[in-house]
Amino acid sequence: MSRTLAQALAWSAEGTELCGKAIAGLDAAGYGAPCGLDGWTRRHLVAHLAANAEAIGRLVSWARTGTEQRMYSSPEQRRADIEAGARRSGPELSAWFERSARELAAAMAALPDRAWRAEVVTAQGRTVPAAEIPWMRSREVMVHAVDLATGVTFADLPAGFRAALRADIVAKRGAGNVPAVSGPDAEVTAYLAGRPYSGVTTADGTLAPSLPPWL
Ligand code: ZN
């Protein structure tokens, strides 16, 4: 994998800023409007982003202390917390997003070198070194900055991040499940992520059929 811890930390900060800007101008109607994810309003997505920062913060705490902490107690609890969070007001959600992101950034900045090598378990049950944590968060804030549907596109994300994301998605989906495609790299990234795309074609020049959702 061609990304470093320092890059992932910078991407996490940059994605957080993109999301912050995207939600800064939202009034009640804007918060109540659908986002790019099926069945969710922007309120659901911001509740998810804030809860994700807290969940990822539990992994940072696990790496630091050695005391096991899971991101979520169960998938049902994760869903219930998003539904409950989505009933908060826009200003409450914005404040929760900012506070949770700030606390996570501070916890990551304070993590000693050796703790980045500790093993933690993701929400999908994968055991990974703590050094993967900033990458997990950068994926969330970067891709969901697009999903917030306020105008951010994959072309607005850093090219290095997009390259790392494509490699990560192809590895997760399994190289055999992803057809060879061509197109502008931002569009290919959207295609691989299961998001709306245009101008992505397969080897015979026809439009690539969409992949199932991811993340
Ligand atoms: Zn997510």
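Predicted model: local features only at pLDDT ≥ 70, side-chain atom pairs only at ≥ 80, totals over all residues.

Q: Is His 144 buried or exposed?
A: Buried. Its relative accessibility is 2%, and the cut-off for buried is under 20%.

Q: What does His 144 touch, leaving out residues up to four places away in sequence?
A: Cys 19, Leu 37, Leu 45, His 48, Leu 49, Arg 139 and Arg 195.

Q: How far is His 144 from Val 46, C-alpha to C-alpha?
A: 8.9 Å in space. Along the sequence, His 144 and Val 46 are 98 residues apart.

Q: OK, the metal. Which residues coordinate the zinc ion?
A: His 48 through NE2, Glu 140 through OE and His 144 through NE2. The distance is 2.1 Å.

Q: How are the donor residues spaced in sequence?
A: The pattern is H-x91-E-x3-H.

Q: And what does the pair His 48 and Glu 140 tie together?
A: Parts of the chain that are 92 residues apart in sequence, because His 48 lies in helix 3 and Glu 140 in helix 6, residues 133–147.

Q: Are those two buried or exposed?
A: Both His 48 and Glu 140 are buried.

Q: Staying in helix 6, what about Ser 138 there? Buried or exposed?
A: Ser 138 is in helix 6. It has 0% relative accessibility, so it counts as buried.

Q: Where does the Ser 138 side chain reach?
A: To the backbone oxygen of Trp 135, at 2.9 Å.

Q: Which residues does Ser 138 contact beyond four places in sequence?
A: Ala 8, Trp 11, Ser 12 and Phe 161.

Q: What's its phi?
A: Positive, about 60°, although Ala 149 is not a glycine. Most residues other than glycine have a negative phi.

Q: Switching to pockets. How much space is in the second largest pocket?
A: About 240 Å³.

Q: How many residues line it, and which lie nearest its centre?
A: The second largest pocket has 14 lining residues. Val 146, Phe 154, Ala 190, Arg 195 and Pro 196 lie nearest the centre. Arg 195 also turns up among the contacts of His 144.

Q: Which helices supply at least two residues each to that lining?
A: Helix 6 and helix 8, the latter spanning 185–192.

Q: Which gives the most?
A: Helix 8, with 3 residues.

Q: And how do the lining residues divide by type?
A: Into 8 nonpolar, 3 polar and 3 charged.

Q: Does Thr 41 count as buried or exposed?
A: Buried. Its relative accessibility is 19%, and buried means under 20%.

Q: What does its side chain make a polar contact with?
A: The side chain of His 44, at 3.0 Å.

Q: Last one, Glu 119. Which element is it in?
A: Strand 1, residues 119–121.

Q: What is Glu 119 in contact with, neighbours within four places aside?
A: Trp 62, Thr 127, Val 128 and Pro 129.

Q: And how far from Thr 16 is Glu 119?
A: Their C-alpha atoms are separated by 25 Å. Glu 119 and Thr 16 are 103 residues apart along the chain.

Conventions. Residues numbered from 1 in each chain as written. Heavy atoms only, no water. Buried < 20%, exposed > 50% of the residue type's maximum accessible area, 1.4 Å probe, protein only. Polar contact = N/O pair within 3.5 Å; in protein donor to acceptor, adjacent residues only side chain to side chain. Donors = N, O, S within 2.8 Å, 3.2 Å for Na, K, Ca; no water. Helix = DSSP H or I, 4+ residues; strand = E, 2+ residues; numbered from the N terminus. 1 Å grid on protein atoms, 1.4 Å probe; cavity = no way out; pocket = protein on both sides within 12 Å on 5 of 7 lines; lining within 4 Å. Points joined across faces, edges and corners; volume = space filled by probe spheres on them. Nonpolar A, V, L, I, M, F, W, Y, C, P; charged D, E, K, R; others polar. Contact = heavy atoms within 4.5 Å.
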